[in-house]
Amino acid sequence: MSNFPFLSVLTVAPLVGALVVAVLPRRRPDLAKQVAFGWSLLVLVLSVVMWVSFKAGGDRLQFRESYTWIPQWDARFTFAADGIALVMLMLIAVLVPLVILASWHDAESSKRSVPVYFALLLILESTMIGVFAAADVFLFYVFFEVMLVPMYFLIGSYGGHQRQYAAVKFFLYSLVGGLFMLAAVIGLWVVGGKTFDWQALTQVDISTGTGRWLFLGFFLAFAIKAPFFPFHTWLPDAGGAAPAGAAALLVGVLDKVGTFGILRYCLPLFPEASKWFAPWALALGVIGIIYAALLAVGQNDLKRLVSYTSIAHFGFIGVGIFAFTTQAGTGAVLYMLNHGLATGLLFLVVGMLVARRGSALISDFGGAGKLVPLLAGVLFFAGLASLALPGTAPFVSEFLVLIGTFTVNKPVAVISTLGIILAAAYVLWMVQRTTQGTLNPALVEIEPMRRDLSLREKFVVAPLIALIVLLGFYPKPVTDVINPAVRATMEDVGRTDPAPEVGSVQEAHR
C-alpha cells in the first residue's frame, strides 16, 4: 500500500464529493447530508489505511508523489507527508465527519441552501488536506490561499450575528499574511535555484540577511494564521460568528496551518534566522498565553471565550516550537493534535447549547445542567480537557512543552505555567455560570432546552471523548510517529537532544 497515491486521492476525493453534493436538488436536504457524511467517512477510512502504512522509522517524507504542473517555474504537484503532517491529516479525517453530524440542522436554521453548506465543508476538507500534504512551496501557497474561500462563505453566509464583518475581517487578515508569504516564496525561488521543491530548498545555502527577510515573510503569514499575539484579533470575531461546526474546523485545524508552516518551512529552510528570531517568538508566545487567558476570563459570549482560549493555547505551541528541544517540539506537535480534539469538542458542545438556547451569552444561561445533565457533563469534560487536566490528552502535550522549555529557558517556562492557573479560572467560571447554580427560569420556557443529547449528538461527542482519554493515558502511538519528524526538524536548526533524555521523558508520561 505504500505505493498507493494516498495524498493525491485524499486531496481530490472530498472535492469530488463536494461537486456531487452541490448538484443535488435543494429540496432534498437529507440526501445532501447523507452523501456528505458518507464521503467524509470514505476519507477517514483511507486516512486510517495510510496511517497503518506509514513507517515511523522510515524516510522522513513518505507517500511522495510528483506530477508536472508549471515546468517553466519548476512548480509541481508534489505531495509527501512526514509524521507531523500525517498527524494533522488524521485530525482532519476524524473531525470532518463529526462536524457534518453536528451541523445536521445548521444550514436549515440559516434558511440557506443545505447542499451548498455541506459541499463547502467538503471543499474545505480538500484544501486542508492539500495544504498539509504539499511538498512544493508554491503548491503549499496555493492551498494556503484557496483554503480561505470555503471558510469565508461558511462564515459569511451561514454564520450568526455580524457574520459579514467577521468573514471579511478573517479573509483580509489571512490575505495580507498571504501576500507577505507570496513575496517570500518568490524570493526563495530566486535565491534557491529557481525551484519550489521543498527537499531541494532545504539544501540551499542562503545568506544571513536574505534568510532573515525571507523567514520574516513566511513567519508573518503563519503568525496571522495561527494566530499569535498581536495578530489574533480576527479569531474571536470569526469564531464567534461562524457556525459551530465551521468554528470547530477553523480553530481545530485551519489555525494549525500556521504552526505547521513554521515547523515545515521556517525552521528547516531558514535555520539561522529561526534561531535569531527565537527570543522574539518566545516573547510573543508568553504574552499570548497570559493576555488571551485574561481576556477569556472576562468574556460573556461562549464562542468568543473558546476562541480566546485557543489563542492562549497557541502561545504554548509557539513556546514549544521555539524552545528548540525535542521534548518541547514533540509537545508542540502533540498539542496541535490534542488542541484540535479538545477545542473541537468544546466548540461543538457549545454549539449544541447555543442552538438550544438561541443565544451564546453566558448571562442567558444559569443552572442549565438541571435540564440537560448529559450535555452539561460533556461541556464540563471538554472544559477540563481544555485546561489540560491530568488524564486528558492536552495535559501530556502541555507537560512536554513546559518540561522541554524548562531545560533551556526557565523564565519562559515558569511564566507560561501561569497560563494553567488562568485556564482553570476561565474554564471553571464558564461552566459554573452556564450549567451550575440556580436555574434560570427563562430556560424552562424554552422547549429545546429541555432536550438532552440526542443519539446523533452522542455519536458526535463520544469519539472525541474516547480519543482525549486514550491519548491522555497512552500517547505512544502518536509520539512514535511525531518524534522522528521533530528530531529531524531540530537537526535542521542545529539543535539536538541526547536520545536517552528524550526517551526517559516520554516513558515517564506513558
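**Stop 1: a salt bridge to start**

Select Glu 447 and Arg 451. Their side chains meet in a salt bridge, with N and O 2.4 Å apart. Check how open each partner is. Glu 447 is partly exposed, at a relative accessible area of 38%. Arg 451 is also partly exposed, at 44%. Keep in mind that this is a predicted model.

Why do such pairs form? Side chains of opposite charge can pair when their charged atoms come close.

**Stop 2: the whole chain**

Zoom out and show the cartoon. Count the secondary structure: there are 23 helices and 2 strands. Now turn the model around. The C-alpha trace spans about 70 × 55 × 40 Å along its principal axes.

Of the 510 residues, 60% are buried.

Show the surface next. The accessible surface comes to about 18,100 Å². Carbon and sulfur atoms account for 67% of that surface. Contacts tell you about the fold too. Take those between residues at least 6 apart in sequence: 82% of them join residues at least 24 apart.

**Stop 3: helix 1**

Select residues 6-22. This is helix 1, with 17 residues. From first C-alpha to last, helix 1 reaches 24 Å, close to the 24 Å expected at 1.5 Å a residue.

Which residues of helix 1 are buried? Among them are Phe 6, Leu 7, Leu 10, Pro 14, Gly 17 and Val 21. Now look for what covers them. The cover includes helix 2 (29-53), strand 1 (62-70) and strand 2 (75-81). It also includes helix 3 (83-102), helix 5 (114-133) and helix 6 (137-146).

**Stop 4: around the two strands**

Move to the loop between strand 1 and strand 2, where you will find Asp 74. Look at its backbone. Asp 74 has a positive phi of about 60°, although it is not a glycine. Asp 74 is partly exposed, with a relative accessible area of 32%.

Now select Arg 60 and Asp 492. Their side chains form a salt bridge, 2.8 Å from N to O. Arg 60 sits in the loop between helix 2 and strand 1, and Asp 492 in helix 22 (residues 476-493), so the pair ties together parts that are 432 residues apart in sequence. Arg 60 counts as partly exposed, at 27% relative accessibility. Asp 492 is partly exposed as well, at 26%.

**Stop 5: a buried pair**

Select Lys 169 and Asp 237. They form a salt bridge, and the closest N and O atoms are 2.8 Å apart. The pair links distant parts of the chain: Lys 169 is in helix 8, Asp 237 is in helix 11 (residues 234-241), and they are 68 residues apart. Are these two buried or exposed? Both are buried.

Across the model, the count comes to 10 salt bridges.

**Stop 6: a nonpolar patch**

Stay with helix 8 (residues 163-191), which also holds Val 168. Val 168 is partly exposed, with a relative accessible area of 37%. With Val 168 they make a nonpolar surface patch of about 320 Å².

**Stop 7: two cis bonds**

Go to the loop between helix 10 (208-225) and helix 11, where Pro 227 lies. A cis peptide bond joins Ala 226 and Pro 227, with omega about -5°. Pro 230 is in the loop between helix 10 and helix 11 too. The bond from Phe 229 to Pro 230 is cis, with omega near 5°.

**Stop 8**

Select Ser 310 in helix 15 (residues 302-322). Ser 310 is buried, with a relative accessible area of 0%. What does it touch, leaving aside neighbours within four places in sequence? Ser 310 is in contact with Leu 235, Val 251, His 339 and Thr 343.

Then step to Phe 324, in the loop between helix 15 and helix 16 (326-357). Its phi is near 60°, a positive value in a residue other than glycine. Phe 324 counts as buried, at 5% relative accessibility.

**Last stop: across the model**

Select Leu 31, in helix 2. Leu 31 counts as partly exposed, at 25% relative accessibility.

Conventions:
Residues are numbered from 1 along each chain as its sequence is written. This is a predicted model: local features need pLDDT of at least 70, side-chain atom pairs count only at pLDDT 80 or more; totals for chains, interfaces and linings use all residues. Side-chain values use heavy atoms; hydrogens and water are left out. Patches are made of residues with over 30% relative accessible area and no salt bridge: like charges are joined within 9 Å, nonpolar side chains (Val, Leu, Ile, Met, Phe, Trp, Tyr) within 5 Å. Accessible areas come from the Shrake-Rupley method with a 1.4 Å probe; for residues, only the protein chains shown count as cover. A salt bridge is a side-chain nitrogen of Lys or Arg within 4 Å of a carboxyl oxygen of Asp or Glu. Helices (H or I, at least four residues) and strands (E, at least two) are DSSP runs, numbered from the N terminus. Buried means under 20% relative accessible area, exposed over 50%, partly exposed in between (1.4 Å probe, protein chains only). Contact means heavy atoms within 4.5 Å. The expected span of a helix is 1.5 Å times one less than its number of residues.
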